[in-house]
Amino acid sequence: PASGNTLEASGTLEAPFEEVSPFTFRFSGDVDLATISRFYPLDEVGIESLTGQLATQGEGSGIMQTPEEVRFSGFLNLQNGALKYADVGRPIEQIEADIEGTQDLVTIRSLSLSAAGNRMSASGSVRNPMSELPEFDMRADADLDLASLPEFYPIDQDTLSLSGRFTAEAH
């Protein structure tokens with residue numbers, strides 16, 4: 001494991017040059033996001049720091065020539081996440097995510113973050129996520145000081161100026 005991270009992947013592709021090419025894949029990972037900058041230049045995409053513990057696993061199978069029929073399942077779990085853009089003063093913190101999914105249903109058990117005294121959270125599901133018209137059943141709540149958004153997300157003040165408080169609960 002590099003820097004305490006574990007990534008594993010395996011798979012097969014049968015008859016890659018034939019009209020029907022079946023495949024399978026499987027992956028898993030347990031990654032300390034603070035180590036990503038050792039392997040990838042995050043600064044080149046405007047990220048000053050990234051932290052959190054990411055666990056993920058997935059598997060799938062199908063035919064290469066019909067990607068819309070691929071069957072897959074997996075999960076993603078992020079704990080203690082934080083992200084700071086280089087062009088802003090404050091980080092997005094307490095990023096937590098617990099998500100699982102298949103080709104038929106993505107379930108967001110929880111998704112939350114806070115930044116500069118703001119907080120957002122969401123949960124719900126997306127049915128038929130691969131279709132042209134997926135069905136969303138989401139719950140979300142937010143408590144945001146709109147004037148603080150440029151403190152943690154790069155917004156050009158010449159393009160957009162925000163003020164006021166945004167509080168919402170939606171389903």
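A nonpolar core here is a set of buried Ala, Val, Leu, Ile, Met, Phe, Trp, Tyr and Cys residues joined through side-chain atoms within 4.5 Å. I note at the start that the model is predicted.

**Entry 1. The core.** With that definition in hand I looked up the largest nonpolar core, which has 15 residues. Ile-47, Leu-78, Leu-83, Tyr-85, Ile-92, Ile-95 and Phe-152 touch the most other members. Setting aside neighbours within four places in sequence, I find Ile-95 in contact with Leu-78, Gln-79, Asn-80, Gly-81, Ala-82, Leu-83, Ser-112 and Leu-113.

**Entry 2. Whole chain.** I counted elements next and got 0 helices and 9 strands. Along the sequence the pattern reads β-β-β-β-β-β-β-β-β. For overall dimensions I took the radius of gyration, which is 19 Å, while a compact globule of 171 residues would have one near 16 Å. Along the principal axes, the C-alpha atoms fill a box of roughly 60 × 40 × 30 Å. I find 24% of the 171 residues counted as buried. The accessible surface comes to about 11200 Å², and 54% of that belongs to carbon and sulfur atoms. Of the contacts between residues at least 6 apart in sequence, 44% join residues at least 24 apart.

**Entry 3. Lys-84.** Is Lys-84 buried or exposed? Lys-84 has a relative accessible area of 12%, so it counts as buried, the cut-off being under 20%. I located Lys-84 in strand S4 (residues 71-85). What does its side chain meet? A polar atom of the Lys-84 side chain lies 2.5 Å from the backbone oxygen of Val-88. Not counting residues up to four places away in sequence, Lys-84 touches Ile-47, Glu-48, Ser-49, Gly-89, Arg-90 and Pro-91.

**Entry 4. S1 and S2.** I moved to strand S1 (residues 6-13). The number of buried residues among its 8 is 0, so S1 lies largely in the open. S1 pairs with strand S2 (residues 22-32) in the antiparallel sense, over 8 bridges. One bridge I looked up joins Glu-8 to Ser-28 in S2. In the loop between S1 and S2 I found Ala-15. Its phi is near 45°, a positive value in a residue other than glycine. I noted this because most residues other than glycine have a negative phi. Ala-15 is partly exposed, at a relative accessible area of 34%.

Entry 5. Where is Ala-116 found? I place Ala-116 in the loop between strand S6 (105-115) and strand S7 (118-127). S6 and S7 form a hairpin with 2 residues between them. Ala-116 in this turn has a positive phi of about 50°, although it is not a glycine. Ala-116 has 18% relative accessibility and therefore counts as buried. The two strands, S6 and S7, run antiparallel and are joined by 9 bridges. Within this pairing I looked up Leu-111, which stands opposite Ala-122 in S7. On to the next strand: S7 and strand S8 (residues 135-145) are antiparallel and joined by 9 bridges. There I noted Phe-136 in S8 as the bridge partner of Val-126.

Notes: Residues are numbered from 1 along each chain as its sequence is written. This is a predicted model: local features need pLDDT of at least 70, side-chain atom pairs count only at pLDDT 80 or more; totals for chains, interfaces and linings use all residues. Side-chain values use heavy atoms; hydrogens and water are left out. Helices (H or I, at least four residues) and strands (E, at least two) are DSSP runs, numbered from the N terminus. Buried means under 20% relative accessible area, exposed over 50%, partly exposed in between (1.4 Å probe, protein chains only). A polar contact is a pair of N or O atoms within 3.5 Å; within protein, one must be able to donate a hydrogen and the other to accept it, and residues adjacent in sequence count only if both atoms are side-chain atoms. Contact means heavy atoms within 4.5 Å. Two strands pair if DSSP finds at least two bridges between them. The radius of gyration is taken over C-alpha atoms; the globule rule is 2.2 Å times the number of residues to the power 0.38. Accessible areas come from the Shrake-Rupley method with a 1.4 Å probe; for residues, only the protein chains shown count as cover.
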